[in-house]
Amino acid sequence: VQTFKIDAAHIFLDRWQVGVSLPVMQRTMSDQTYSGLGDVAVSMGYEVLPEWNYSLWRPKGISFIQLTAPTGQSKFESEVGGLDSRGNGSWALGIGTLLTKTFVNWDAFSTFELHTSRSQEIQTASFQGNVKPGYGGNLGLGLGYNLSDYRIGSSVTWSYEDPIDTKSNLGIIQKGSVERYATAVASFSYLANDQWSGTISYSDQMLVGSPLNTSLGRGVAVQLQRRWGR
């Protein structure tokens, strides 16, 4: 699985920001390759805990709301066993908070997100009916060490999704199962200047926790970031 993603954010009125995420995914197995747009997300955040003065213990906090559009095909719509799946296939609304704190050369963060998804009507050759997701959420903790223009970081994010139930047009109901897993990440970042920075990271979903009813993976990501001053 390869993903190319563009994330953009813009700050306004000092404490507000809006953002958008546009992912393009490609899945390959043997000689079969499927690619296309994933689920597009738009968000709005507000700095609820600004760093206007120094505090030994108070973190910086941003709360946000995010709307995800079903622009990527879900596994329930797939005719090839999910190989062409690029998203959840339903509208989703989430809220969350990100807390960050710096201690001399160290930095730490925690993030919490809760979301809910709408039901989805599916009409394929193998299934005609309704797919009903539930609630889901993520809890993440991270720690980093900064040395001059370099940063070494690590984090763990625990993810949970309610069972997804299906009901066919014939009235046949199938109950889903809870899905949970944890993603561990190690990263290395370089801050070239006030405008450019880069990060390379390794993620592994087989190191932490007790995963349930989900496929696990390992991955490498390269991120390039450009900032524009106001």
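**Entry 1: a term, then a salt bridge**

I noted the cut-offs before using the words: a residue is buried under 20% relative accessible area, exposed over 50%, and partly exposed in between. I also noted that this is a predicted model.

I looked up Lys175 and found a relative accessibility of 66%, so Lys175 counts as exposed. Its side chain meets that of Asp165 in a salt bridge, at 3.8 Å from N to O. Asp165 lies in strand 12 and Lys175 in the loop between strand 13 and strand 14 (179-191), so this pair ties together parts that are ten residues apart in sequence.

**Entry 2: the other salt bridges**

I asked how many salt bridges the count comes to. The count comes to three. As background, I wrote down that side chains of opposite charge can pair when their charged atoms come close.

I looked up Asp204 and Arg218, whose side chains meet in a salt bridge of 2.8 Å, N to O. Asp204 lies in strand 15 (residues 196-204) and Arg218 in strand 16 (residues 218-226), so the pair ties together parts 14 residues apart in sequence. Is Asp204 buried or exposed? Asp204 has a relative accessible area of 2%, so I put it down as buried. Arg218 has a relative accessible area of 55% and is exposed.

I then turned to Arg151 and Asp107, which form a salt bridge through their side chains at 2.8 Å, N to O. Because Arg151 lies in strand 11 (residues 150-161) and Asp107 in strand 7 (residues 106-117), this pair ties together parts that are 44 residues apart in sequence. Arg151 counts as buried at 19% relative accessibility. Asp107 is buried too, with a relative accessible area of 13%.

**Entry 3: a charged residue without a salt bridge**

I looked for Asp84 and found it in the loop between strand 5 (60-69) and strand 6 (92-103). Asp84 is buried but has no salt bridge. Which side chain of opposite charge is nearest to Asp84? That side chain is Arg86, 6.1 Å away. The cut-off for a salt bridge is 4 Å between a side-chain nitrogen and a carboxyl oxygen.

I checked what Asp84 has instead. Another, of 2.5 Å, joins the side chains of Asp84 and Ser78. Leaving out residues up to four places away in sequence, I listed Tyr34, Gln73, Ser78 and Glu79 as residues that Asp84 touches.

**Entry 4: aromatic rings**

I searched the whole structure for aromatic pairs and noted five. In one of them, the rings of Trp16 and Tyr46 have centres 4.6 Å apart and planes at 45 degrees, so the pair is tilted. Trp16 lies in strand 2 (residues 16-29) and Tyr46 in strand 4 (residues 40-49), so the pair ties together parts 30 residues apart in sequence. Trp16 is partly exposed, with a relative accessible area of 33%. Tyr46 is partly exposed as well, at 26%.

I noted next that the rings of Tyr150 and Phe188 have centres 5.8 Å apart and planes at 25 degrees, so this pair is stacked. Tyr150 is in strand 11 and Phe188 in strand 14, 38 residues apart, and the pair links distant parts of the chain. Tyr150 counts as partly exposed at 41% relative accessibility, and Phe188 is partly exposed with a relative accessible area of 39%.

I also found a cluster, in which ring pairs link Phe12, Trp16 and Tyr46.

I looked up an open sheet of four strands, which has the order 8-9-12-13 and antiparallel pairing. Strand 8 (120-123) and strand 13 (173-174) stand at the edges with a single partner strand each, so one side of each has no neighbour in the sheet. Strand 12 (residues 165-168) and strand 13 run antiparallel and are joined by two bridges. Which residue of strand 13 does Thr166 stand opposite? Thr166 stands opposite Gln174.

**Entry 5: Gln2**

I ended with Gln2, which has its place in strand 1 (residues 2-12). Gln2 is exposed, with a relative accessible area of 54%. Gln2 and Met25 are 23 residues apart in sequence, and their C-alpha atoms are 5.7 Å apart in space. Not counting residues up to four places away in sequence, Gln2 touches Val24, Met25 and Gln26.

Methods. Residues numbered from 1 in each chain as written. Predicted model: local features only at pLDDT ≥ 70, side-chain atom pairs only at ≥ 80, totals over all residues. Heavy atoms only, no water. Pairing = 2+ DSSP bridges. Buried < 20%, exposed > 50% of the residue type's maximum accessible area, 1.4 Å probe, protein only. Lys, Arg positive; Asp, Glu negative; His and termini not counted. Polar contact = N/O pair within 3.5 Å; in protein donor to acceptor, adjacent residues only side chain to side chain. Contact = heavy atoms within 4.5 Å. Phe/Tyr/Trp six-rings, centres within 6.5 Å; stacked < 30°, edge-to-face > 60°.
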